[in-house]
Amino acid sequence: MSHAALLVAVMAAVTILLRFLPFLIFTNGRKTPSYILYLGGILPQAIVGMLVVYCLRETDLVSAPHGLPEILSVAAVAALQAWKRNSLLSILGGTVLYMLLVQLIF
Amino acid sequence: MVIRKAFMTSLPVMAGYIVLGTGFGILLRSAGYGALWALAMSLFIYAGSMQFVGVSLITGAASVLTTAVTTVMINARHLFYSISMISRYKDAGKVKPYLIFALTDETYTLLSDGKIPEGADPDAYRFLVSFFDHCYWVLGSVLGSFAGEFLPFDSTGIEFSMTALFTASFVEQWLSAGSHLPALTGLLSTALCLVLFGPENFLIPSMILITVILSALRGRIATPESRKSDGRREEK
């Protein structure tokens, strides 16, 4: 098995485990610990922030164009989302802008 | 008829899954992995954000440990979808394993209100809604993979779709969250770890730091009202 296929299998197995685990552990009689409920409510917001930084990890701010395509496109996505609250529109708009910027301008 | 009712319920998810699935297929193709990979990932992982991140994990030849821990962190919220569906899916019988497997953000949103159309068998209805959503996602991914091969334009920069996905989701959660502390914790901890550990090794330290800080803040953050609203726009 190639390393890539191994990673796909790991992602699938862990995801399946996460979805099934509560059904195996917290059967009707047992209550979910409040710490777990707390983390469950709060983690997603932090993890999305982490993923934004993760996506931008290779951005080079020091040499030209100083991350300008990324900065402009992220700003465009954020503005579109705040304005229309339509994720598909924001994603599409930001991606098209980024592609135009890196292909035609920078 | 239950098929028609389930199909009608699933319609709002159709557009989103096909468009984002297509984006995923194109991205995966541009990373050098074709339709069979798109099919396998969408069929067996079936978690949108995770699959986008998975493309970078695969192309960066991440370790098994990094991949497993990253999957836990990104998909941890599925634990809570499952928890809230325990009693509802209790007597689902033969289709129960599939219902649990296919519980994505969007399917959860469609089924979590517990409403069943009049006269429809609950298990058949829930199974079909879950199944239709899964089909849209797989279909979109495979279409995207083929489209990626014959794109009539230069696809340089298409990888930004992943950044855009998470940025949109971040802004959406920011606007609807009671407290911005969790979002800021995520951004700043990760930025700090990126500076300290470099772009190859910062993911696991970031996740540890985030968990530690959020655990320390417990009691100071107004508990988000939110498991429901968290997921709604979050994925795919």
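What is the mean pLDDT of chain A, and what percentage of its residues reach 70 or more? In this predicted model, the mean pLDDT of chain A is 89, and 96% of the residues of chain A reach 70 or more. Within chain A, confidence is highest in H3(A), at a mean of 96, and lowest in H2(A), at 83. For chain B the mean pLDDT is 87, with 94% of its residues at 70 or more. Among the elements of chain B, helix H2 (residues 35-44) has the highest mean pLDDT, 97, whereas helix H12 (residues 227-232) has the lowest, 40. Over residues 224-236 of chain B, pLDDT stays under 50, and for this stretch the model has 39 contacts beyond four places in sequence. Where pLDDT is low, the predicted coordinates should not be read in detail. For the complex, the predictor gives an ipTM of 0.88 and a pTM of 0.80.

The domain assignment divides chain A into domain 1 (1-31) and domain 2 (32-105). The centres of these two domains of chain A, taken over C-alpha atoms, are separated by 27 Å. Two backbone features were noted in the loops of chain A. The peptide bond from Ala64(A) to Pro65(A) is cis, with omega near 0°, and Pro65(A) lies in the loop between H2 and H3 of chain A. Arg85(A), found in the loop between H3 and H4 of chain A, has a phi near 55°, a positive value in a residue other than glycine. Most residues other than glycine have a negative phi, and most peptide bonds are trans.

Chain B is likewise assigned two domains, domain 1 (2-149) and domain 2 (161-232). Taken over C-alpha atoms, the centres of domain 1 and domain 2 of chain B are 23 Å apart. Contact between them involves 15 residues of domain 1 of chain B and 11 residues of domain 2 of chain B. On the side of domain 1 of chain B that touches domain 2 of chain B, at least two residues each are supplied by helix H1 (2-30), helix H4 (64-75), helix H5 (77-85) and helix H7 (105-111) of chain B. By class, the residues on that side of domain 1 of chain B are 7 nonpolar, 6 polar and 2 charged.

Helix packing within chain B is illustrated by H1(B) and helix H8 (residues 122-149) of chain B, whose axes come within 6 Å and cross at roughly 30°. The angle makes H1(B) roughly parallel to H8(B). The crossing of H1(B) and H8(B) is right-handed, and the residues of the contact between H1(B) and H8(B) comprise 24 nonpolar, 12 polar and 4 charged.

Between the chains, 58 residues of chain A are in contact with 78 residues of chain B. Helix H1 (3-25), helix H2 (34-55), helix H3 (68-84) and helix H4 (87-105) of chain A each supply at least two residues of the side of chain A that touches chain B. Of the contributions to this side of chain A, that of H2(A) is the greatest, at 18 residues. The side of chain A that touches chain B has 39 nonpolar, 15 polar and 4 charged residues.

H1(A) packs with helix H3 (residues 48-59) of chain B at an angle of about 150°, and the axes of the two helices are 10 Å apart. H1(A) and H3(B) are therefore roughly antiparallel to each other, and the crossing of H1(A) and H3(B) is right-handed. In this pair, Ala4(A), Leu7(A), Met11(A) and Thr15(A) of H1(A) meet Met50(B), Gly54(B), Leu57(B) and Ile58(B) of H3(B). The contact of H1(A) with H3(B) has 6 nonpolar, 2 polar and no charged residues.

In the second pair, H3(A) and helix H9 (residues 160-176) of chain B pack at an angle of about 40°, with axes 9 Å apart. H3(A) and H9(B) are therefore oblique to each other. H3(A) passes H9(B) in a right-handed crossing. Residues of H3(A) in this contact include Val74(A), Val77(A) and Ala78(A), while those of H9(B) include Phe160(B), Ala164(B) and Val171(B). By class, the contact of H3(A) with H9(B) consists of 9 nonpolar, 4 polar and 1 charged residues.

Technical notes: Residues are numbered from 1 along each chain as its sequence is written. Chains are lettered from A and ligands numbered from 1 in the order in which they are written. This is a predicted model: local features need pLDDT of at least 70, side-chain atom pairs count only at pLDDT 80 or more; totals for chains, interfaces and linings use all residues. Two residues are in contact if their C-beta atoms, placed from the backbone, lie within 7 Å. Helices (H or I, at least four residues) and strands (E, at least two) are DSSP runs, numbered from the N terminus. Ala, Val, Leu, Ile, Met, Phe, Trp, Tyr, Cys and Pro count as nonpolar, Asp, Glu, Lys and Arg as charged, and the others, Gly among them, as polar. Domain bounds come from an automatic or database domain assignment. Axes are lines fitted to C-alpha atoms, for helices over the stretch in contact, and angles run from 0 to 180 degrees between N-to-C directions. Angles under 35 degrees count as roughly parallel, over 145 as roughly antiparallel, 65 to 115 as roughly perpendicular and the rest as oblique. A crossing is left-handed if the near helix is turned anticlockwise from the far one by less than a right angle, and right-handed if clockwise. pLDDT is the predictor's confidence in each residue, from 0 to 100.
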